Amino acid sequence: MVERRPLLGLLANVVLIIGVLIVALPVYITFVASTHANDAIIHPPMPLTPGSHMVENYTAVLTGTQEGGGSKASVGQMMIVSLVTALVIAIGKIAISLLSAFAIVYFRFPFRMFFFWAIFVTLMLPVEVRIAPTYKVVSDLGMLNTYAGLTVPLIASATATFLFRQFFLTVPDELTEASRIDGAGPLRFFWDVLVPLSKTSIAALFVIQFIYGWNQYLWPLLVTTSEDMYPVVIGIKRMISGGDAQTEWGAVMATAMLAMLPPALVVLLMQRWFVKGLVDTEK
Amino acid sequence: MGAISIRNVVKRYGKGPKANQVIHDVSAEIADGEFIVIVGPSGCGKSTLLRMVAGLEEISEGQISISGRVVNDVEPSERDIAMVFQNYALYPHMSVYDNMAYGLKIAKVPVAEIKVRVDKAAAILQLGPYLARKPRELSGGQRQRVAMGRAIVRQPSVFLFDEPLSNLDAKLRAQTRLEIQKLHRELGVTSLFVTHDQVEAMTLAERMIVMNAGRVEQIGTPDEVYTRPATTFVAGFIGSPPMNLLEGTADGSQFTVGGVTLALPQPAPRSGPLLLGVRPEHADPGEAGWALQVEMVEMLGAERLVHGHIGQTAFTLRMDATLPSPHAGDTVRLNVAGERLHWFDRATQQRV
């Protein structure tokens, strides 16, 4: 758009600022709440400027020494569980999808299209639909309360496979042929040519899948029963005490802030790659 | 070293009666060090034939051998060939150096040796300053040279070129053509070059294979193909504008085309229905001779193309631009020397 109309420009700015406020205000309030002692939060009106209890609140939740009626598991441990889970899910998904897309695009084997469609159809089944049978399998295999139980069932990904397949289809055939003449076998071609060419798509998928893994709620709720295997997202919920017991809102909000940090960091650090991966292809 | 023998090669896609046959019984013997151009219109099977030599397409029937070894079931990398693709097929994420070195790395050539070979190829192709760049930072002509460099460093006994010049602009194409010729003179490696461009074919080839619809029409030097085309297809395909073909009946020194009788400078090789071929540049306007009804004149600078009819048959004449130009509606009289007449059988389209 190269229009030169000051009023329109102003209007666009106003709309954008309103949008930013709507998105950012809750985050700001969460931050403010995480810096106040509990009395300050529960006595209206709630303060809108940061308070003086920031250090206390954050150290308390990280070590699990906060007061109140909810769970007192250490948020530090939960963050580690979440981080490991999200990383394993993201990396596992990318590795598996790259390989399956490679097989589907570059090899002629019986029932190739059947396998492709079988993978494709699972796109239509969200985790929730198959959650009961998956739980049965995971528990029979003794994977409850383990990292394997948290991650393996979430690794298979039709979306990523499909995305890589579409990307591989755009790689010119001559490149495959040139590498055949150069003497590269299929796996060599995969490592030396396809994976480097997919770099940007891999980065984009990593961001999406990391956040997907980090935000898992329902599945970890089912397969974890011990406090040291809870991811942080569940931890937040468990810190809110039911009944008459008092909830330490400062601690809850501090945990929420901490839970938001890693995905935000991943997005910030990989933003350039992420956009590149969604927008262009290096060819 | 480097001789290629193609014997009764057939290519068909699919199986059984529905199979689509694209190469029909092609045979050719190529000596070591020869520069052979395969030329033909799009879809004539020339690229398929080249890809069968490269090992990128399976051979349905027949046999191809390189340097005396049958290669029907040999992997492309084991055939001692190198190929230059139409769109260059450079690895986009590798530097120019790595692009050239990749095949050698896989072949486990020592690093020092790789460096020597790549540097040498880069020197020949004047790519020295660009070794660290990525292909996307190069111009079309430079990418072309990298693709050739990748072929050279392998030190193969056969080079295969699949229309390598068609993505270049006209000026660069002429320049690269000369470079390829120079390269061939220096390295003396057997080369198989596919193109649809007859100028490229004529200028590069030591011998050319003219193909049409999956069949070989003629194999010969550019001179032979031009002066003695074996079929009407070759006559029409090589030379620009194409040879005029007049369909008529010969009787001694007379040739009847659509009711008009032409006097021949020398008797036809046989009487009866024949096709008479005359190149536009071999008919000279004069005082007497065949009557050409002029319809249109094109000025090309050094020469003029005169389009018209002899009887009912279209005929094109190419004349020197210094001669006075005829106008539409004029009648031009044409003389053709006896040895410039080409005779073809009307049924088989073969040269008589």
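A: Let's start with the word contact: two residues are in contact if their C-beta atoms, placed from the backbone, lie within 7 Å. This is a predicted model, in which local features need pLDDT of at least 70 and side-chain atom pairs count only at pLDDT 80 or more, while totals for chains, interfaces and linings use all residues. Residues are numbered from 1 along each chain as its sequence is written, and chains are lettered from A and ligands numbered from 1 in the order in which they are written.

By that rule, 16 residues from chain A meet 16 residues from chain B. On the side of chain A that touches chain B, two or more residues come from each of α9 (173-181) and α10 (186-197) of chain A; helices (H or I, at least four residues) and strands (E, at least two) are DSSP runs, numbered from the N terminus. The most, six residues, come from α9(A). This side of chain A holds eight nonpolar residues, one polar and seven charged. Here Ala, Val, Leu, Ile, Met, Phe, Trp, Tyr, Cys and Pro count as nonpolar, Asp, Glu, Lys and Arg as charged, and the others, Gly among them, as polar.

Now for chain B itself. Chain B has eight helices and 20 strands, and its C-alpha atoms fill a box of roughly 75 × 50 × 35 Å along the principal axes. Of its 352 residues, 38% are buried, where buried asks for 20 or more other C-beta atoms within 10 Å of a residue's own, exposed for 12 or fewer, and partly exposed lies in between, with C-beta atoms placed from the backbone. Among the contacts in chain B with a separation of 6 or more, 63% join residues 24 or more positions apart.

The part I would zoom in on is an open sheet of four strands in chain B, in the order β2-β1-β4-β5, with antiparallel pairing. Two strands count as paired if DSSP finds at least two bridges between them. At the edges sit β2 (20-30) and β5 (69-70) of chain B, each pairing on one side only.

Walk across the sheet strand by strand. β1(B) and β2(B) share seven antiparallel bridges, and B:I6 faces B:A28 of β2(B). To β4 (residues 61-66) of chain B, β1(B) is joined by five bridges, again antiparallel, with B:V10 opposite B:E61 in β4(B). From β4(B), two antiparallel bridges lead on to β5(B), where B:V70 stands opposite B:S65.

B:Y13 is partly exposed, since 13 other C-beta atoms lie within 10 Å. Leaving aside residues up to four places away in sequence, B:Y13 touches B:A19, B:N20 and B:V22. The C-alpha atoms of B:Y13 and B:I23 are 9.9 Å apart, with the two residues ten apart along the chain.

Elsewhere in chain B, helices pack on one another. α2 (residues 96-106) and α4 (residues 140-153) of chain B meet at an angle of about 30°, their axes 8 Å apart; axes are lines fitted to C-alpha atoms, for helices over the stretch in contact, and angles run from 0 to 180 degrees between N-to-C directions. α2(B) and α4(B) are therefore roughly parallel, given that angles under 35 degrees count as roughly parallel, over 145 as roughly antiparallel, 65 to 115 as roughly perpendicular and the rest as oblique. From α2(B), B:V96, B:N99, B:M100, B:G103 and B:L104 meet B:V146, B:G149, B:R150 and B:V153 of α4(B). That contact of α2(B) with α4(B) has five nonpolar residues, three polar and one charged.

α2(B) also comes within 10 Å of α3 (residues 111-124) of chain B, axis to axis, crossing at roughly 135°. That makes α2(B) oblique to α3(B). Here B:Y97, B:M100, B:A101, B:L104 and B:K105 of α2(B) meet B:I114, B:R117, B:V118 and B:A121 of α3(B). The residues in this contact of α2(B) with α3(B) are seven nonpolar, no polar and two charged.
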